[in-house]
Amino acid sequence: MTLRSFGSDNHAGIHPEVLAAIAAANTDHALAYGDDPWTARLAERVRETFGPEASVTPVFNGTGANVVGLTSLLPRWGAVICSELAHVHTDEQGAPERVGGLKLLPVPSPDGRITPDAVHAHARALGDVHHPQPLAVLVTQSTELGTVYRPDELRALADAAHGHGMALFVDGARLANAAAALGLPLRAITTDVGVDAVSFGGTKNGALAAEAVVVLRPGVADGIGFVRKAQMQLASKMRFVSAQLLAQLGEPGDPLGATAGAAPLWLRTASHANAMTALLRSTLEDDVTAGRVQHLGFAQPSEANATFAVLPRAAADALREHAPFYEVATGPEPGTVVSRWMTAWDTTPHEVGAFCAAVREVLGR
């Protein structure tokens with residue numbers, strides 16, 4: 001029996017509330033390129049969510065959000081300090097460099113997180129005409145290894161970056177999952193800790209094709225509207241992009257929500273995805289402790305909605321007959337691999353249980 005994919009939250013469909021929002025926006029005519037009521041309401045909601053100085057630039061996808069955001073922050077000679085695992089470095093086909101003309105400066109990050117020491121080290125190149133000028137720091141939240149930056153870690157990075165005249169940009173493809181994991185509002189891990197701009201991810205959290213660059217400090221990205229057009233991320237029928245983001249963030253005046261009680265959709269869906277990963281991880285850890293599963297380890301903490309499991313390659317191949325997932329690295333021991341198991345807004349406890357049963361079948365022999 002093939003189970004639903006545990007390969008990526010990108011594999012999930014569109015949340016019904018988002019679909020309903022698209023349908024509701026599909027009435028009569030509306031002015032194009034963002035001069036519509038949905039985009040106006042989105043701008044108001046973003047100010048409520050991130051702070052009164054925040055501005056929003058809707059785009060189609062995460063790569064576009066990162067490239068538009070970074071290009072808008074930097075001069076032509078600017079470079080970006082990022083993790084060696086960063087999505088912009090490993091999974092965007094060189095778009096920041098090819099399209100944005102930026103130089104990426106990857107640094108080690110064993111747990112997915114970079115530290116102020118990396119910022120200070122690269123700052124030595126500032127002013128040297130022979131070296132790329134590090135003028136922005138990019139962090140991914142939650143990280144490519146499923147870990148989460150705490151507010152104090154982000155504040156330390158912001159202070160380090162600003163101390164050298166650099167901007168701090170957050171790739172927030174899974175920002176909702178990080179905020180849900182920390183039990184904090186979106187503002188608490190962006191605006192309030194000194195972040196200058198963030199790409200807010202909607203697609204991995206139930207949208208069709210809706211992301212946004214949110215600029216948090218006036219004056220750091222004044223040309224972003226021109227950059228978005230030049231980089232082919234300006235939607236003519238923008239109301240349908242904005243409607244999706246409104247469905248996730250809520251309409252102006254709705255409760256912001258720091259817990260999943262009376263919460264906006266972004267928090268409800270991210271909290272659920274995180275909870276399904278917590279269930280998966282705890283179930284398998286119990287199985288390992290009880291001896292029901294052998295030769296299974298974990299490479300990282302499961303802090304959001306991803307589990308990185310270490311298991312024999314042959315077992316991973318056998319397990320993929322039950323559910324699709326990705327291998328992301330070779331394991332620490334010969335013949336082992338690191339596999340990523342992700343849950344999404346629509347993953348159910350039954351599906352988690354069935355996947356864990358498949359793990360017991362494969363690794364309990």
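How much area is buried between domain 1 and domain 2, and what percentage of it do carbon and sulfur atoms give? I found about 1900 Å² buried between the two, with 55% of that area from carbon and sulfur atoms, where buried area is the accessible area (1.4 Å probe) that two parts lose on being put together, summed over both.

Before going on, I noted that this is a predicted model, in which local features need pLDDT of at least 70 and side-chain atom pairs count only at pLDDT 80 or more, while totals for chains, interfaces and linings use all residues. Residues are numbered from 1 along each chain as its sequence is written, and side-chain values use heavy atoms, with hydrogens and water left out.

**Entry 1, the two domains.** I looked up the domain assignment, which gives domain 1 as 13-249 and domain 2 as 265-363; such bounds come from an automatic or database domain assignment. The contact (heavy atoms within 4.5 Å) takes 30 residues from domain 1 and 20 residues from domain 2. The domain centres, taken over C-alpha atoms, are separated by 28 Å.

I counted three salt bridges between domain 1 and domain 2, a salt bridge being a side-chain nitrogen of Lys or Arg within 4 Å of a carboxyl oxygen of Asp or Glu. I also noted 13 residue pairs in polar contact across the interface, both residues at pLDDT 80 or more; a polar contact is a pair of N or O atoms within 3.5 Å, and within protein one must be able to donate a hydrogen and the other to accept it, with residues adjacent in sequence counting only if both atoms are side-chain atoms. On the side of domain 1 that touches domain 2, helix 1 (16-25), helix 8 (175-182) and helix 10 (239-249) each supply at least two residues, and helix 8 gives the largest share, five residues.

I placed Thr 269 in helix 11 (residues 265-290), helices being DSSP runs of H or I of at least four residues, numbered from the N terminus. Thr 269 is buried at a relative accessible area of 4%, since buried means under 20% (1.4 Å probe, protein chains only). Leaving out residues up to four places away in sequence, Thr 269 touches His 15, Asn 205 and Trp 345.

At the start of helix 3, a side-chain oxygen of Asn 61 comes to within 2.7 Å of the backbone nitrogen of Gly 64.

Technical notes:
Buried < 20%, exposed > 50% of the residue type's maximum accessible area, 1.4 Å probe, protein only.
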